[in-house]
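The sequence and structure come first.

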Amino acid sequence: MSLTEFALIESTLREGEQFAGANFNQAQKIDVAAALDEFGVEFIELSSPVASAQSDADVRAIIKQRFKAKILTHIRCSRDDAMRALDTGVDGLDIVIGTSPELRKYSHGKTIREIIDVALDVLTYVREQAPEIVLRFSTEDSFRSSESDLLRVYLAVAERGVVNRLGTADTVGVATPNQVYSLVHTLRRLTNLDIEFHGHNDSGCAIANSYAALDAGATHIDVTVLGIGERNGITPLGGLIARLYFNNRDLLLQKYRLDKLYAIDHMVADLCGVTIPFNNYITGSSAFTHKAGIHAKAVLANPETYESIRPDDFGLKRNVQIGHRLTGWNAVRSRAVQLGLTLTDAQVKDATAHIKRLADQNPLEPDAVDTILRAWPLARERENV
Ligand code: HCA
Ligand code: CU
């Protein structure tokens, strides 16, 4: 079952390079690839060497680093592109051709018969040239293509026996989890090939769709750091990790250096000149912040009450906010204990009431709360005099 046996195709340096804010130079690409390799992604996908002279040089430079991750490049379905890509020495080729009516009409103008012919020609040629390479064939815009067109194309390719993997792509982010499940399940049933899913996030379903693909037997999922890519991007690495963590924490801890995620998200955000959204999976500023008194009390007693993900697995800390009107005395007491103060319960309750009164006007910074707590017994004594 693929929820336990899957590989990540990390495409920050291919799909991610198509993000409006991404313009990585070679040193930056090597840094990103090194960080992803250390994290433990199984594949790193790079932009086509055909894209530009620098892209070609970058593919070669990354291959030279001899990372543990296998290096793939993503190319059009053409013999020329394939030859240029093979010349770099990559471990695998991801070949794609559009099959939806939209792409057939406005992108390459080919009929389904012509798509099959060119695919078989290019794939067979690549296999002859490079018997050892990992070869993937994908249909672009799979989820706006008709099922019968898709099956004609995929089955013809599968029958030729030259590819390792079939890719499915939700290019414009319109697929639902049920549709993804159904297509992946069909391909798993009809072929014995590995199946990849690549999902855009235009309608917010990229993680759910990737999860559905795995549930249906997909073996490979495309992700990028922070989900960067064309338009609003694809399945984010951290988001898919968050989703899968709940299924099988032990497996994820064994497969990946989860404690590197925070630095990776920040590295790519900085390189692209963007900030990490406050509500980002795992690495957003409020991802492990507890606020309401009822939550804070329970989390302090046992974090599992309101946390499905353990921050320390990611090298992060939970944060219990207490300087606001929803605060509760259990959380305030916990902070007083952390500060080494010996306040009675009655004192803590009084201090909490005081904090709530102040916070009704303006929330208090953590430092301000600490100052109040440190001064509390003295303040009370002074009041009592
Ligand atoms: C592209 C299209 C692609 C390809 C996906 C794939 C898409 O930008 O070239 O090859 O799996 O979203 O369809 O990224
Ligand atoms: Cu894409």
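For the residue classes used below, Ala, Val, Leu, Ile, Met, Phe, Trp, Tyr, Cys and Pro count as nonpolar, Asp, Glu, Lys and Arg as charged, and the others, Gly among them, as polar. The model is predicted.

**Ligand shell.** By these classes, the shell around ligand 1 is made up of two nonpolar, seven polar and four charged residues. There are 13 residues around ligand 1, and the nearest of these are Val96, Glu140, Ala169, Thr171 and His198. Three strands each contribute at least two residues to the shell around ligand 1, namely β4 (92–98), β5 (134–140) and β6 (165–170).

**Helix pair α5 and α6.** The axes of α5 and helix α6 (residues 147–160) lie 10 Å apart and form an angle of about 25 degrees. Because angles under 35 degrees count as roughly parallel, α5 is roughly parallel to α6. The residues of this contact between α5 and α6 comprise nine nonpolar, one polar and three charged. The handedness of the crossing of α5 and α6 is right-handed. On the α5 side the contact involves Ile112, Ile115, Ile116, Ala119, Leu120, Leu123 and Thr124, which meet Asp149, Arg152, Val153, Ala156, Val157 and Arg160 of α6.

**Tyr125.** Helix α5, which covers residues 112–129, also contains Tyr125. Is Tyr125 buried or exposed, or partly exposed? Tyr125 counts as partly exposed because it has 15 C-beta neighbours inside 10 Å, whereas a buried residue needs 20 or more and an exposed one has 12 or fewer. When neighbours within four places in sequence are left aside, Tyr125 is in contact with Arg79 and Ala82. The C-alpha atom of Tyr125 is also 9.5 Å from that of Met83, a residue 42 positions away along the chain.

**Whole chain.** The table collects the overall values for the protein chain.

| Property of the protein chain | Value |
|---|---|
| Secondary structure | 15 helices and 10 strands |
| Span of the C-alpha trace along its principal axes | about 95 × 40 × 35 Å |
| Residues that count as buried | 43% of the 385 residues |
| Share of contacts with a separation of 6 or more that join residues 24 or more positions apart | 71% of contacts |

How values were computed:
Residues numbered from 1 in each chain as written. Chains lettered and ligands numbered in written order. Predicted model: local features only at pLDDT ≥ 70, side-chain atom pairs only at ≥ 80, totals over all residues. Helix = DSSP H or I, 4+ residues; strand = E, 2+ residues; numbered from the N terminus. Contact = placed C-beta atoms within 7 Å. Near = placed C-beta within 6 Å. Axes fitted to C-alpha atoms, helices over the stretch in contact; angles between N-to-C directions. Parallel < 35°, antiparallel > 145°, perpendicular 65-115°, else oblique. Left-handed = near helix turned anticlockwise from the far one by under 90°.
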